[in-house]
Amino acid sequence: MTSSDTAPGRGTAVVIGGGLAGTVAAWALRGHAERIVVVERDRYPAEPTFRAGVPQGRHAHLVLEAGHRALEEMMPGIRQQLADAGATRVAVSGDLKWLSSAGWMAQYPAQLGFLSCTRPVLDKVVLDRVRTEPSIEFLEGVDVVGLLGSARAVTGVRIRERGPERGEVREIPAELVVDAAGRSTSAPQWLAELGHPAVPEERVDAGVSYSSRIFHRPAGVDLGHRAIYLQTKAPDAPRLGVLLPVEGDRWIVSVAGMRGAEPEPGEAGFTKQVGLLRDQSIREALRNAEPDGEVRGFVPGPGVRRHYERSSPDGLVVVGDAVSTFNPVYGQGVTVALFCAQALRRTALRHGGIGHATARDARREIAAASKNPWVMSCSEDARFAATTGAPSGALLKLQHRFLDKVLAASVNDPAVTAAFHEVMSLVAPPTLLFRPSVLAAVLRS
């Protein structure tokens with residue numbers, strides 16, 4: 001038994017990656033580590049602007065209701081700070097016009113909602129809060145190039161300055177290493193270099209591709225709602241679109257398509273994809289809207305869920321997209337990253353520090369927190385024939401049939417719609433849909 005098992009202590013924690021997942025993870029560890037070092041390969045801009053290290057940052061983002069609750073719990077007052085920075089609250093019904101595969105969802109006075117803004121605003125407000133903590137330091141323009149330790153335990157990281165004149169490789173010993181490097185994480189490769197066996201993983205790839213643009217909202221335009229979500233309808237309508245309000249009286253519009261229905265590049269491809277959506281409400285909204293910047297494309301790659309709770313050396317915790325990468329069309333990624341930070345905080349509190357027991361418990365809780373979102377997204381991706389790695393079988397077909405009935409009922413029954421929104425907002429588990437009152441309404445429909 002190591003000393004970390006018996007006496008967790010308050011040593012050094014290193015967080016790889018200073019995006020949203022990394023900054024909230026660092027914040028979660030305050031008070032439990034004497035020193036928290038965030039290693040970020042970019043340099044943070046002084047003002048909220050898009051940066052290369054967040055390639056998905058130019059596209060529509062959602063922090064679901066459960067994510068906002070988690071963020072507010074960890075950083076009291078952050079919702080108001082986001083609102084002060086220009087974020088707009090969008091209720092999931094009333095403010096949001098949602099076209100499901102069955103039709104337009106019934107409207108009701110929803111309590112659930114989200115704050116809509118561009119990703120740079122969200123990241124900057126969170127970063128500014130994290131920078132108020134004296135125990136957290138940032139190393140900007142620095143790459144992590146490997147892990148210290150062995151196949152049994154990670155004991156720190158190796159780092160090097162970025163740029164044309166790279167400095168020497170330096171080492172930072174640590175009691176805990178948190179990988180928050182996102183989709184491009186090198187942790188599997190680094191673990192292999194330490195002699196650790198490959199971590200079990202699942203991969204599901206719907207081949208989704210994005211195209212997005214920001215627009216100035218035309219003066220005097222009233223859509224009757226603040227946001228529009230046009231969902232896919234398998235198997236014949238594999239395209240989706242979303243219009244969200246963002247700061248500066250603007251809209252961000254993202255269109256996407258599953259494999260075989262990807263948007264073509266550039267402005268012409270974006271315009272064509274908007275016209276191919278199941279409903280023309282987004283096209284009508286943009287009729288007199290002036291673009292604010294170029295069309296940006298993004299291919300996120302496959303969804304990947306790595307099971308570090310089954311196989312991982314001591315001293316390592318992986319969070320955010322580095323552990324679970326979802327198809328972004330379901331808007332789950334940021335919220336699950338916040339769940340990861342909460343798990344880190346809970347386990348550090350439970351064990352009184354950042355030792356190996358904390359890391360082991362955190363890995364288990366993070367796996368549990370990502371399970372339902374992963375099953376939900378993969379089950380929907382499986383509806384499209386071109387998806388690779390998707391689950392199959394009789395049980396999945398039964399799930400699809402039941403969800404189709406739920407969506408059909410949600411067109412006319414606000415109670416069913418409200419229950420569905422709770423599940424999709426990750427406030428409640430999917431079992432909520434089997435509550436007797438909801439199930440009865442679904443069966444009646």
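Predicted model: local features only at pLDDT ≥ 70, side-chain atom pairs only at ≥ 80, totals over all residues.
Residues are numbered from 1 along each chain as its sequence is written, and side-chain values use heavy atoms, with hydrogens and water left out.

**Exercise 1. Helix α2 and helix α9**

Work out how α2 packs on α9, and which residues make the contact.

*Solution.* 
- Start with the elements: helices (H or I, at least four residues) and strands (E, at least two) are DSSP runs, numbered from the N terminus. Helix α2 covers residues 20-28 and helix α9 residues 333-351.
- Next, take the axes, which are lines fitted to C-alpha atoms, for helices over the stretch in contact, with angles from 0 to 180 degrees between N-to-C directions. The two axes lie 8 Å apart at an angle of about 20°.
- Now classify: angles under 35 degrees count as roughly parallel, over 145 as roughly antiparallel, 65 to 115 as roughly perpendicular and the rest as oblique. That makes α2 roughly parallel to α9.
- For handedness, a crossing is left-handed if the near helix is turned anticlockwise from the far one by less than a right angle, and right-handed if clockwise. The crossing of α2 with α9 is right-handed.
- List the contacts (heavy atoms within 4.5 Å). From α2 come Leu20, Ala21, Val24, Ala25, Trp27 and Ala28, and from α9 come Val334, Ala337, Leu338, Ala341, Leu344 and Arg345.
- Finally, sort by class: Ala, Val, Leu, Ile, Met, Phe, Trp, Tyr, Cys and Pro count as nonpolar, Asp, Glu, Lys and Arg as charged, and the others, Gly among them, as polar. The contact of α2 with α9 has 11 nonpolar, no polar and 1 charged residues.

**Exercise 2. Helix α2 and helix α5**

*Solution.* 
- On the α2 side are Leu20, Thr23, Val24 and Trp27, which meet Arg119, Leu122, Asp123, Val126, Leu127, Arg129 and Val130 in α5.
- By class, this contact of α2 with α5 has 7 nonpolar, 1 polar and 3 charged residues.

**Exercise 3. Helix α11 and α12**

Find the orientation of α11 and α12, then sort their contact residues by class.

*Solution.* 
- Helix α11 (residues 394-410) packs with α12 at an angle of about 125°, their axes 7 Å apart.
- The two helices are therefore oblique to each other, and α11 passes α12 in a left-handed crossing.
- Leu403, Val406, Leu407, Ala409 and Ser410 of α11 make the contact with Val416, Thr417 and Phe420 of α12.
- These residues divide into 6 nonpolar, 2 polar and no charged.

**Exercise 4. The nonpolar cores**

Which residues have the most contacts inside the largest nonpolar core?

*Solution.* 
- First, the term: a nonpolar core is a set of buried Ala, Val, Leu, Ile, Met, Phe, Trp, Tyr and Cys residues joined through side-chain atoms within 4.5 Å. Buried means under 20% relative accessible area, exposed over 50%, partly exposed in between (1.4 Å probe, protein chains only).
- The largest such core has 71 residues, and Met75, Leu147, Val157 and Leu344 have the most contacts inside it.
- Apart from it lies another core, of 52 residues, with Val92, Phe298, Val406 and Ala418 among them.

**Exercise 5. A cis peptide bond**

Where is Pro235 found, and what joins Ala234 and Pro235?

*Solution.* 
- Pro235 is in the loop between β13 (227-230) and β14 (239-246).
- A cis peptide bond joins Ala234 and Pro235, with omega about 0°.
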